[in-house]
Amino acid sequence: MDYKKLPTIDYRTFHRKSEKIQKLIQQSLQIIESLGVPIDDLTERQKEKMAMAFLAVGDVRTSAGWKKIKDSNNEYSLTTREIIAYENKHFEENISSGSYDDIKRKDLARLLLASIIVHSKPGSNTSNPTRGYKISNEYSRIIKNYAKLFSLLLLKILPSTAIAWKSWPGKQRFGLQQNQII
């Protein structure tokens, strides 16, 4: 995996989305893959859907939202039907509410197996319609640092680009000075 560039998705539904949503889905896939979840054997659409389900469960709608991802410490969780509604509303999708079984069996399966996503009601019946899904607390600490680490990685790749450095609003937030090169 090349951490210096975002994963690509070559699928028609992905290319119809706005650039902001495309970037968010790509960041999501980069995080998922960085956490050790294999994605190479998935179709482009499966990658896209897994990434959107991950974003929905963490309530991440923008690239800046990674540091505020909701996890098992919050009351926030989504059922499979709520994940579909979230994806339709925030990620320019048109998924039927009858596809709720696909969310758990396909879109969340690997994330559940890796314990990145956990059940909101552990031990409840698998067919319980009120059982939701959350980002695990352990993984959320890593994910919350994604925006910071990704920004710093870009600075290491392009440290001599003064224009990018001067226009980057996050440099002071991370305790970096105007002329400091990492």
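## A loop residue to start with

Glu92 sits in the loop that links α4 to α5 (100-107). In this predicted model, Glu92 has a positive phi of about 55°, although it is not a glycine. Most residues other than glycine have a negative phi. Is Glu92 buried, partly exposed or exposed? With a relative accessibility of 44%, Glu92 counts as partly exposed.

## The chain as a whole

Now let's step back. The chain has nine helices and two strands.

The chain has 182 residues, and 42% of them count as buried. It exposes about 10400 Å², with carbon and sulfur atoms supplying 50% of that area. Of the contacts between residues at least 6 apart in sequence, 58% join residues at least 24 apart.

## Inside the core

The largest nonpolar core contains 40 residues, and Phe54, Trp66, Ile83, Leu108, Leu111 and Ile117 are those with the most contacts inside it. Elements that each supply at least two residues of this core include α2 (19-34), α4 (80-90) and β2 (133-135). Which element gives the largest share? That is α3, with eight residues.

Setting aside neighbours within four places in sequence, Phe54 is in contact with Ser28, Ile31, Ile32, Trp66, Leu111, Ile116, Ile117, Ile135 and Ile143.

Key
Residues numbered from 1 in each chain as written. Predicted model: local features only at pLDDT ≥ 70, side-chain atom pairs only at ≥ 80, totals over all residues. Heavy atoms only, no water. Helix = DSSP H or I, 4+ residues; strand = E, 2+ residues; numbered from the N terminus. Buried < 20%, exposed > 50% of the residue type's maximum accessible area, 1.4 Å probe, protein only. Contact = heavy atoms within 4.5 Å. Areas by Shrake-Rupley, 256 points an atom, 1.4 Å probe, with all protein chains shown as cover. Core = buried A, V, L, I, M, F, W, Y, C linked by side-chain atoms within 4.5 Å.
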